[in-house]
Amino acid sequence: MLASRRRFALSNVFTGLALALSVSMGTAQAQDGPYPSRAVRIVVPYPVGGFNDTLGRLVAAKLGTKWKQPVLVENKPGAGTVIGTQAVAQAPADGYTLLVVQFPFASNPSLYKLPYDTEKAFSPVILAGRSPMMLVTHADSPLHSVKDLLAAANSKTHVLNYGSSGPGSSNHLAMALFESLSKTHMTQVPYKGSTPMLTDLSGGQFDVAVDLLPNALPFLKSGKVRALAVASPKRSPLMPDLPTVTEAGLPGYEVSSWHGFVVPAGTPADVVARLNRDLNEILAMPDVKETFTQQGVEPDGGTPEQFRLFIASQVALWKKVVQDGHITVE
(Lines give C-alpha, C1' and ligand atoms only; values in the text may rest on other atoms or scores of the structure.)
Protein backbone atom coordinates (compact mmCIF):
# COMPACT_ATOMS: atom_id res chain seq x y z
CA MET A 1 0.00 0.00 0.00
CA LEU A 2 2.78 2.39 1.00
CA ALA A 3 4.73 1.56 -2.20
CA SER A 4 1.62 2.27 -4.27
CA ARG A 5 1.22 5.70 -2.68
CA ARG A 6 4.87 6.50 -3.33
CA ARG A 7 4.52 5.53 -7.02
CA PHE A 8 1.42 7.73 -7.28
CA ALA A 9 3.25 10.68 -5.66
CA LEU A 10 6.26 10.29 -7.97
CA SER A 11 3.95 10.10 -10.96
CA ASN A 12 2.36 13.40 -9.97
CA VAL A 13 5.81 15.01 -9.55
CA PHE A 14 6.95 13.91 -13.02
CA THR A 15 3.67 15.05 -14.57
CA GLY A 16 4.06 18.43 -12.93
CA LEU A 17 7.65 18.77 -14.09
CA ALA A 18 6.71 17.86 -17.66
CA LEU A 19 3.86 20.39 -17.61
CA ALA A 20 6.14 23.11 -16.22
CA LEU A 21 8.79 22.37 -18.84
CA SER A 22 6.18 22.47 -21.61
CA VAL A 23 4.88 25.85 -20.41
CA SER A 24 8.43 27.17 -20.08
CA MET A 25 9.35 26.11 -23.62
CA GLY A 26 6.13 27.54 -24.99
CA THR A 27 6.80 30.86 -23.22
CA ALA A 28 10.38 30.95 -24.57
CA GLN A 29 9.16 30.29 -28.11
CA ALA A 30 6.52 32.97 -27.78
CA GLN A 31 9.13 35.44 -26.53
CA ASP A 32 11.50 34.58 -29.40
CA GLY A 33 8.76 34.81 -31.99
CA PRO A 34 9.10 34.37 -35.76
CA TYR A 35 12.59 34.71 -37.22
CA PRO A 36 14.20 37.18 -36.90
CA SER A 37 12.99 38.47 -33.55
CA ARG A 38 16.24 39.98 -32.28
CA ALA A 39 19.62 41.29 -33.43
CA VAL A 40 21.49 39.37 -36.14
CA ARG A 41 25.29 39.35 -36.44
CA ILE A 42 27.28 39.22 -39.68
CA VAL A 43 30.90 38.19 -39.10
CA VAL A 44 33.42 39.46 -41.66
CA PRO A 45 36.76 37.62 -41.24
CA TYR A 46 38.61 40.55 -42.81
CA PRO A 47 39.64 44.04 -41.65
CA VAL A 48 37.48 47.10 -42.24
CA GLY A 49 37.68 48.16 -45.89
CA GLY A 50 37.70 46.02 -49.03
CA PHE A 51 34.75 44.39 -50.73
CA ASN A 52 34.03 41.72 -48.10
CA ASP A 53 33.52 44.44 -45.51
CA THR A 54 31.44 46.46 -47.99
CA LEU A 55 29.31 43.39 -48.71
CA GLY A 56 28.69 42.71 -45.02
CA ARG A 57 27.71 46.31 -44.27
CA LEU A 58 25.59 46.73 -47.39
CA VAL A 59 23.62 43.56 -46.63
CA ALA A 60 23.36 44.46 -42.92
CA ALA A 61 21.77 47.80 -43.78
CA LYS A 62 19.33 46.27 -46.25
CA LEU A 63 18.31 43.40 -43.95
CA GLY A 64 17.96 45.75 -40.99
CA THR A 65 15.52 47.89 -42.96
CA LYS A 66 13.61 44.87 -44.25
CA TRP A 67 13.42 43.01 -40.94
CA LYS A 68 13.13 46.03 -38.63
CA GLN A 69 15.73 44.36 -36.42
CA PRO A 70 19.35 45.36 -35.75
CA VAL A 71 21.84 43.63 -38.08
CA LEU A 72 25.37 44.18 -36.82
CA VAL A 73 28.69 43.70 -38.62
CA GLU A 74 31.62 42.29 -36.64
CA ASN A 75 35.07 42.30 -38.25
CA LYS A 76 37.16 39.39 -36.95
CA PRO A 77 40.29 39.22 -39.13
CA GLY A 78 43.37 37.11 -38.57
CA ALA A 79 45.07 33.80 -39.38
CA GLY A 80 44.01 33.85 -43.02
CA THR A 81 40.28 34.21 -42.07
CA VAL A 82 40.44 31.24 -39.66
CA ILE A 83 39.69 33.28 -36.50
CA GLY A 84 36.42 34.72 -37.75
CA THR A 85 35.42 31.51 -39.48
CA GLN A 86 35.98 29.44 -36.33
CA ALA A 87 33.90 31.90 -34.30
CA VAL A 88 30.91 31.26 -36.57
CA ALA A 89 31.51 27.50 -36.65
CA GLN A 90 31.09 27.55 -32.85
CA ALA A 91 28.07 29.89 -32.83
CA PRO A 92 24.52 28.62 -32.14
CA ALA A 93 22.82 27.25 -35.26
CA ASP A 94 19.82 29.56 -35.00
CA GLY A 95 20.23 31.94 -37.94
CA TYR A 96 21.41 34.84 -35.80
CA THR A 97 25.06 34.58 -36.92
CA LEU A 98 26.13 34.75 -40.57
CA LEU A 99 29.62 34.54 -42.06
CA VAL A 100 30.90 36.32 -45.16
CA VAL A 101 33.05 33.83 -47.08
CA GLN A 102 35.46 34.23 -49.98
CA PHE A 103 38.12 32.30 -51.93
CA PRO A 104 40.09 31.14 -48.81
CA PHE A 105 37.00 29.34 -47.50
CA ALA A 106 37.59 26.74 -50.24
CA SER A 107 41.40 26.80 -50.40
CA ASN A 108 42.24 26.84 -46.68
CA PRO A 109 41.26 23.17 -46.09
CA SER A 110 44.12 22.15 -48.41
CA LEU A 111 46.64 24.57 -46.92
CA TYR A 112 46.08 24.50 -43.17
CA LYS A 113 45.13 22.15 -40.36
CA LEU A 114 41.88 23.88 -39.45
CA PRO A 115 40.10 23.84 -36.07
CA TYR A 116 36.81 23.10 -37.87
CA ASP A 117 35.57 20.95 -40.76
CA THR A 118 34.64 23.35 -43.57
CA GLU A 119 32.24 20.89 -45.18
CA LYS A 120 30.46 19.79 -42.00
CA ALA A 121 30.53 22.95 -39.87
CA PHE A 122 28.55 25.26 -42.18
CA SER A 123 25.36 25.46 -44.21
CA PRO A 124 25.63 27.50 -47.43
CA VAL A 125 23.11 30.31 -47.88
CA ILE A 126 23.95 32.15 -51.11
CA LEU A 127 26.69 32.98 -53.61
CA ALA A 128 26.56 36.79 -53.60
CA GLY A 129 28.98 37.65 -56.39
CA ARG A 130 32.22 37.00 -58.24
CA SER A 131 35.18 39.22 -59.01
CA PRO A 132 37.21 38.04 -62.02
CA MET A 133 40.95 37.79 -61.88
CA MET A 134 43.15 39.09 -64.69
CA LEU A 135 46.62 38.58 -66.08
CA VAL A 136 48.62 41.81 -65.89
CA THR A 137 52.12 42.95 -66.75
CA HIS A 138 54.02 46.25 -66.53
CA ALA A 139 53.74 48.99 -69.17
CA ASP A 140 57.22 48.40 -70.64
CA SER A 141 56.89 44.62 -70.82
CA PRO A 142 57.50 42.89 -74.17
CA LEU A 143 54.47 40.71 -73.33
CA HIS A 144 51.37 41.95 -75.18
CA SER A 145 49.15 38.87 -75.17
CA VAL A 146 48.59 35.53 -73.51
CA LYS A 147 50.34 33.89 -76.47
CA ASP A 148 53.40 36.10 -75.80
CA LEU A 149 53.30 35.00 -72.17
CA LEU A 150 53.05 31.31 -73.08
CA ALA A 151 55.92 31.61 -75.56
CA ALA A 152 58.12 33.40 -73.02
CA ALA A 153 57.25 30.92 -70.27
CA ASN A 154 58.23 28.03 -72.57
CA SER A 155 61.51 29.69 -73.57
CA LYS A 156 64.65 28.10 -72.17
CA THR A 157 66.61 31.35 -72.37
CA HIS A 158 64.74 33.28 -69.69
CA VAL A 159 62.74 32.25 -66.61
CA LEU A 160 59.73 34.49 -65.99
CA ASN A 161 58.97 35.77 -62.50
CA TYR A 162 55.43 36.32 -61.22
CA GLY A 163 54.24 38.23 -58.19
CA SER A 164 51.82 37.00 -55.55
CA SER A 165 50.33 38.20 -52.29
CA GLY A 166 52.20 35.42 -50.51
CA PRO A 167 52.27 31.61 -50.42
CA GLY A 168 48.78 30.12 -50.57
CA SER A 169 47.14 33.42 -51.54
CA SER A 170 44.45 33.48 -54.20
CA ASN A 171 46.77 34.95 -56.83
CA HIS A 172 49.49 32.41 -55.99
CA LEU A 173 47.05 29.52 -56.47
CA ALA A 174 45.62 31.16 -59.59
CA MET A 175 49.07 31.30 -61.17
CA ALA A 176 49.80 27.72 -60.09
CA LEU A 177 46.64 26.71 -61.96
CA PHE A 178 47.86 28.68 -65.01
CA GLU A 179 51.17 26.83 -64.90
CA SER A 180 49.40 23.49 -64.58
CA LEU A 181 47.07 24.08 -67.53
CA SER A 182 49.77 25.58 -69.76
CA LYS A 183 52.48 23.12 -68.64
CA THR A 184 54.85 26.01 -67.94
CA HIS A 185 56.92 27.01 -64.93
CA MET A 186 57.62 30.46 -63.54
CA THR A 187 59.27 31.68 -60.35
CA GLN A 188 57.09 33.14 -57.59
CA VAL A 189 58.02 36.47 -56.00
CA PRO A 190 55.86 36.69 -52.85
CA TYR A 191 54.69 39.94 -51.28
CA LYS A 192 52.59 40.84 -48.24
CA GLY A 193 49.48 41.89 -50.13
CA SER A 194 48.31 42.99 -53.54
CA THR A 195 49.18 46.68 -53.26
CA PRO A 196 52.94 46.26 -52.70
CA MET A 197 52.99 43.49 -55.30
CA LEU A 198 51.29 45.61 -57.97
CA THR A 199 53.43 48.61 -57.02
CA ASP A 200 56.57 46.62 -57.79
CA LEU A 201 55.03 45.22 -60.96
CA SER A 202 54.36 48.76 -62.18
CA GLY A 203 58.06 49.44 -61.66
CA GLY A 204 59.07 46.40 -63.70
CA GLN A 205 60.49 44.43 -60.76
CA PHE A 206 59.02 41.18 -62.14
CA ASP A 207 57.19 40.06 -65.28
CA VAL A 208 53.56 39.19 -64.67
CA ALA A 209 50.83 38.60 -62.07
CA VAL A 210 47.26 37.42 -61.69
CA ASP A 211 45.11 39.60 -59.48
CA LEU A 212 41.57 40.77 -58.89
CA LEU A 213 40.15 43.36 -61.24
CA PRO A 214 39.33 45.78 -58.35
CA ASN A 215 42.92 45.55 -57.08
CA ALA A 216 44.46 46.07 -60.51
CA LEU A 217 42.10 48.81 -61.71
CA PRO A 218 43.92 51.83 -60.13
CA PHE A 219 47.25 50.64 -61.58
CA LEU A 220 45.64 50.08 -64.99
CA LYS A 221 44.21 53.59 -64.94
CA SER A 222 47.63 55.03 -64.08
CA GLY A 223 49.03 53.47 -67.25
CA LYS A 224 51.83 51.71 -65.38
CA VAL A 225 50.24 48.26 -65.64
CA ARG A 226 48.70 46.57 -68.70
CA ALA A 227 46.07 43.85 -68.77
CA LEU A 228 46.64 40.81 -70.96
CA ALA A 229 43.35 38.98 -70.41
CA VAL A 230 40.57 38.39 -67.89
CA ALA A 231 40.23 34.94 -66.31
CA SER A 232 36.43 34.72 -66.49
CA PRO A 233 34.06 32.77 -68.76
CA LYS A 234 33.02 35.99 -70.48
CA ARG A 235 34.46 39.45 -70.91
CA SER A 236 34.10 41.93 -68.08
CA PRO A 237 31.60 44.78 -68.63
CA LEU A 238 34.19 47.07 -67.04
CA MET A 239 36.72 46.19 -69.79
CA PRO A 240 34.70 44.84 -72.72
CA ASP A 241 37.63 45.04 -75.16
CA LEU A 242 39.82 42.79 -73.02
CA PRO A 243 39.72 39.13 -74.15
CA THR A 244 39.22 36.22 -71.79
CA VAL A 245 42.21 33.93 -71.21
CA THR A 246 40.35 31.21 -73.11
CA GLU A 247 39.87 33.52 -76.10
CA ALA A 248 43.49 34.60 -75.88
CA GLY A 249 45.02 31.13 -76.08
CA LEU A 250 44.60 29.03 -72.91
CA PRO A 251 41.22 27.22 -72.97
CA GLY A 252 39.57 26.40 -69.66
CA TYR A 253 41.44 28.89 -67.49
CA GLU A 254 38.82 30.53 -65.28
CA VAL A 255 39.54 31.99 -61.84
CA SER A 256 37.51 34.42 -59.80
CA SER A 257 37.38 35.59 -56.25
CA TRP A 258 33.86 34.86 -55.08
CA HIS A 259 31.84 36.11 -52.13
CA GLY A 260 28.94 34.56 -50.26
CA PHE A 261 27.21 33.85 -46.96
CA VAL A 262 27.07 30.72 -44.81
CA VAL A 263 25.60 29.93 -41.38
CA PRO A 264 26.49 27.29 -38.76
CA ALA A 265 25.50 23.75 -39.74
CA GLY A 266 22.19 22.70 -38.26
CA THR A 267 20.51 26.06 -38.79
CA PRO A 268 16.79 25.30 -39.43
CA ALA A 269 15.98 24.85 -43.11
CA ASP A 270 13.18 27.43 -43.00
CA VAL A 271 15.59 30.02 -41.61
CA VAL A 272 18.15 29.28 -44.34
CA ALA A 273 15.36 29.56 -46.92
CA ARG A 274 14.27 32.93 -45.48
CA LEU A 275 17.84 34.23 -45.58
CA ASN A 276 18.31 33.01 -49.13
CA ARG A 277 15.08 34.59 -50.33
CA ASP A 278 15.79 37.95 -48.72
CA LEU A 279 19.41 38.03 -49.90
CA ASN A 280 18.37 37.21 -53.47
CA GLU A 281 15.99 40.19 -53.34
CA ILE A 282 18.79 42.43 -52.07
CA LEU A 283 21.21 41.32 -54.79
CA ALA A 284 18.62 42.29 -57.42
CA MET A 285 18.31 45.88 -56.14
CA PRO A 286 19.68 48.48 -58.63
CA ASP A 287 21.74 50.36 -56.02
CA VAL A 288 23.30 47.09 -54.82
CA LYS A 289 24.17 46.11 -58.39
CA GLU A 290 25.74 49.55 -58.88
CA THR A 291 27.89 49.19 -55.75
CA PHE A 292 29.05 45.77 -56.93
CA THR A 293 29.90 47.06 -60.41
CA GLN A 294 31.87 49.99 -59.03
CA GLN A 295 34.09 47.51 -57.17
CA GLY A 296 34.47 45.12 -60.10
CA VAL A 297 32.17 42.44 -58.69
CA GLU A 298 29.41 40.77 -60.68
CA PRO A 299 26.26 40.00 -58.61
CA ASP A 300 25.25 36.35 -58.48
CA GLY A 301 22.52 34.71 -56.37
CA GLY A 302 20.79 31.35 -56.56
CA THR A 303 19.84 28.62 -54.11
CA PRO A 304 21.70 27.21 -51.09
CA GLU A 305 22.12 23.92 -52.97
CA GLN A 306 23.72 25.69 -55.93
CA PHE A 307 26.14 27.42 -53.56
CA ARG A 308 26.92 24.11 -51.83
CA LEU A 309 27.85 22.53 -55.16
CA PHE A 310 29.91 25.59 -56.10
CA ILE A 311 31.88 25.46 -52.84
CA ALA A 312 32.47 21.71 -53.29
CA SER A 313 33.82 22.29 -56.80
CA GLN A 314 36.14 25.03 -55.54
CA VAL A 315 37.41 22.87 -52.66
CA ALA A 316 38.16 20.04 -55.13
CA LEU A 317 39.86 22.39 -57.62
CA TRP A 318 42.24 24.01 -55.14
CA LYS A 319 42.96 20.71 -53.42
CA LYS A 320 44.23 19.38 -56.75
CA VAL A 321 46.23 22.55 -57.48
CA VAL A 322 47.85 22.48 -54.02
CA GLN A 323 48.67 18.77 -54.24
CA ASP A 324 49.95 18.87 -57.82
CA GLY A 325 52.05 21.96 -57.15
CA HIS A 326 53.32 20.72 -53.75
CA ILE A 327 52.25 24.08 -52.34
CA THR A 328 52.79 24.89 -48.69
CA VAL A 329 52.32 28.09 -46.72
CA GLU A 330 55.62 27.76 -44.88
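**View 1. Aromatic pair between Phe51 and Phe292.** Eleven aromatic pairs are found in a search of the whole structure; rings of Phe, Tyr and Trp (its six-membered ring) pair if their centres lie within 6.5 Å, with planes under 30 degrees apart counted as stacked, over 60 as edge-to-face and the rest as tilted. The model is predicted: local features need pLDDT of at least 70, side-chain atom pairs count only at pLDDT 80 or more, and totals for chains, interfaces and linings use all residues. Residues are numbered from 1 along each chain as its sequence is written, and side-chain values use heavy atoms, with hydrogens and water left out. The rings of Phe51 and Phe292 are edge-to-face, 5.1 Å centre to centre with 90° between the planes. Phe51 belongs to helix 2 (residues 51–67) and Phe292 to helix 12 (residues 286–294), so the pair ties together parts that are 241 residues apart in sequence. Helices (H or I, at least four residues) and strands (E, at least two) are DSSP runs, numbered from the N terminus. Both Phe51 and Phe292 are buried (under 20% relative accessible area; exposed is over 50%, partly exposed in between; 1.4 Å probe, protein chains only).

**View 2. Aromatic pair between Trp258 and Phe307.** The ring centres are 6.0 Å apart and the planes stand at 80°, so this pair is edge-to-face. Trp258 is buried at a relative accessible area of 0%, and Phe307 is buried at 1%.

**View 3. Ring cluster of Tyr35, Trp67 and Tyr96.** Ring pairs join these three residues into a cluster. Over the ring of Tyr96 sits the charged end of Arg38, 3.7 Å from the ring centre (criterion: NZ of Lys or CZ of Arg within 6 Å of the ring centre and within 35 degrees of the ring normal). Tyr35 is also joined to Pro36 by a cis peptide bond, with omega about -10°. Pro36 lies in the loop between helix 1 (2–32) and strand 1 (40–44).

**View 4. Lys68 and Lys183, two non-glycine residues with positive phi.** Lys68 has a phi of about 60° and is placed in the loop between helix 2 and strand 2 (71–75). Its relative accessibility is 71%, so Lys68 counts as exposed. Lys183, with a phi of about 55°, is in the loop between helix 7 and strand 6 (187–190). At 72% relative accessibility, Lys183 also counts as exposed.
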